[in-house]
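Open the model in your viewer and keep the sequence panel beside it. The stops below say what to select next and what is there.

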Amino acid sequence: LTEKDSIVPVSLLLAAMPALLASNAHAASTTKAKTWNVMVGAESSSGAVQTMAYGPKKIWINAGDTVHWVSNSMEPHTVSFIDDKHPAVEFSPTTAYMTTATSKGSISKPGQFRNSGIMAPAPDALFPDAVKTYDLKFKKPGKYKYLCYVHGEAMKAVVVVRKAGTPYPHTQGDYNAMATKAANADIEHGLDLWADSLGAADNHHVFMGAADMRVQVNRFIPGNVVVKVGESVTFDMARNAFPVPHTVTFGPPPANPLAPTGDPTNFQGAALSSGVILPPGFGPPRS
């Protein structure tokens, strides 16, 4: 691991958190609508570790308030209030209802379908319509559960909406502190997962990232190996307990990243790509 893969310091926020919570426990009632910020994902300073969580995972607001979600990592996510017609099945970038934003900017009851579309810091070739932020106004009380279509049940949260004028249990500062504390714990867990995988790898056995239901490590493990001419390297997805797709690509990315190109049994430095590979048990078997 490198010094770049650090956790964002939150000592000041955490130290102030008990006082913030106590001072706001009996916040005055107000009928003025508020906008609340929620982070979508988080990452280590190098971007190697990506978390699968909203920050915070639970927020209490009042009817008429708006939640403002902000993309906080390179990994794509969605904010999706699903229904039976738009289920959270295996993600595919070609499934339009998963990647396309709904037009309505408000929601009136749990069970109504609303979707942010793909959220990322910036659009890219795979998701040219990706957005960095998403706003949704909550008109009526209820418990509104949502999840990320990309990561399914591994990444879900809830917005609890009470009647207008109900005292708020927390401030935005409280929620920021909660989110940062949880993100730092997840990133530390990801760094541990990375270190454990590195201990099981060697020059002839490279893990294609690592992932569980909390985090993803988007790096080859180890990142550099040395072998002799005629020797082989096995690239292994076994450290991924979550269906994170990866490729092994030498040279420029192919026009179709899904399909393998070149001959891995006789690699002499030309363009070579494995095509997209999923962990064992996910998708069709690969030889």
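## Start at Val79

Select Val79 and show its contacts. Leaving aside residues up to four places away in sequence, Val79 touches Val40, Tyr54, Trp69, Arg114, Asn115, Ser116, Met119, Tyr134, Tyr146 and Leu147. Keep in mind throughout that this is a predicted model.

## The nonpolar cores

Now widen the selection. Val79 belongs to the largest nonpolar core, which has 35 residues. Within this core, the residues that touch the most other members are Tyr54, Trp69, Val79, Phe81, Phe138, Tyr146 and Val159. Colour by element next: β1 (35-40), β4 (58-62), β5 (66-71), β9, β10 (142-148) and β11 (152-162) each give two or more residues to the core. The largest share, five residues, comes from β11. There is also a second, separate core of 12 residues, and its members include Ile187, Trp194, Val215 and Val217. In soluble globular proteins, nonpolar side chains tend to be buried together.

## The five-stranded sheet

Switch to a cartoon view and select β3, β1, β5, β9 and β7. In that order they make an open sheet with mixed pairing. The edges are β3 (54-55) and β7 (106-107), each of which pairs on one side only. Strands of a sheet pair through backbone hydrogen bonds, either parallel or antiparallel.

Strands β7 and β9 (residues 133-138) run parallel and are joined by two bridges. Across this pairing, Ile107 stands opposite Phe138 of β9. Phe138 is also one of the core residues that touch the most other members.

## Two salt bridges

How many salt bridges does the count give? The count comes to two. Side chains of opposite charge can pair when their charged atoms come close.

For one of them, select Glu153 and Lys156, whose side chains meet at 2.8 Å, N to O. Glu153 counts as exposed because its relative accessible area is 51%, and the cut-off for exposed is over 50%. Lys156, at 47%, is partly exposed.

Then select Asp186 and Arg214, whose side chains form a salt bridge at 2.7 Å, N to O. This pair links distant parts of the chain, 28 residues apart: Asp186 is in helix α3 (residues 172-200), and Arg214 is in the loop between β12 (205-211) and β13 (215-221). Is Asp186 buried or exposed? With a relative accessibility of 9%, Asp186 counts as buried, because buried means under 20%. Arg214 counts as partly exposed at 34%.

## Two cis prolines

Show the backbone for the next two selections. The peptide bond between Gly55 and Pro56 is cis, with omega about 0°. Pro56 sits in the loop between β3 and β4. Move on to Ile221 and Pro222: the bond from Ile221 to Pro222 is cis as well, with omega near 0°. Pro222 is in the loop between β13 and β14.

## A phenylalanine patch

Finish with a surface view and select Phe220, Phe235, Phe250 and Phe267. These residues form a nonpolar patch on the surface, and together they have about 330 Å² of accessible area. Phe235 lies in strand β14 (residues 234-236). Its relative accessibility is 31%, so Phe235 counts as partly exposed; a residue needs over 30% to be part of a patch.

Note on methods. Residues numbered from 1 in each chain as written. Predicted model: local features only at pLDDT ≥ 70, side-chain atom pairs only at ≥ 80, totals over all residues. Heavy atoms only, no water. Patch = residues over 30% accessible without salt bridge, like charges linked within 9 Å, V, L, I, M, F, W, Y side chains within 5 Å. Areas by Shrake-Rupley, 256 points an atom, 1.4 Å probe, with all protein chains shown as cover. Salt bridge = Lys/Arg side-chain N within 4 Å of Asp/Glu carboxyl O. Helix = DSSP H or I, 4+ residues; strand = E, 2+ residues; numbered from the N terminus. Buried < 20%, exposed > 50% of the residue type's maximum accessible area, 1.4 Å probe, protein only. Pairing = 2+ DSSP bridges. Core = buried A, V, L, I, M, F, W, Y, C linked by side-chain atoms within 4.5 Å. Contact = heavy atoms within 4.5 Å.
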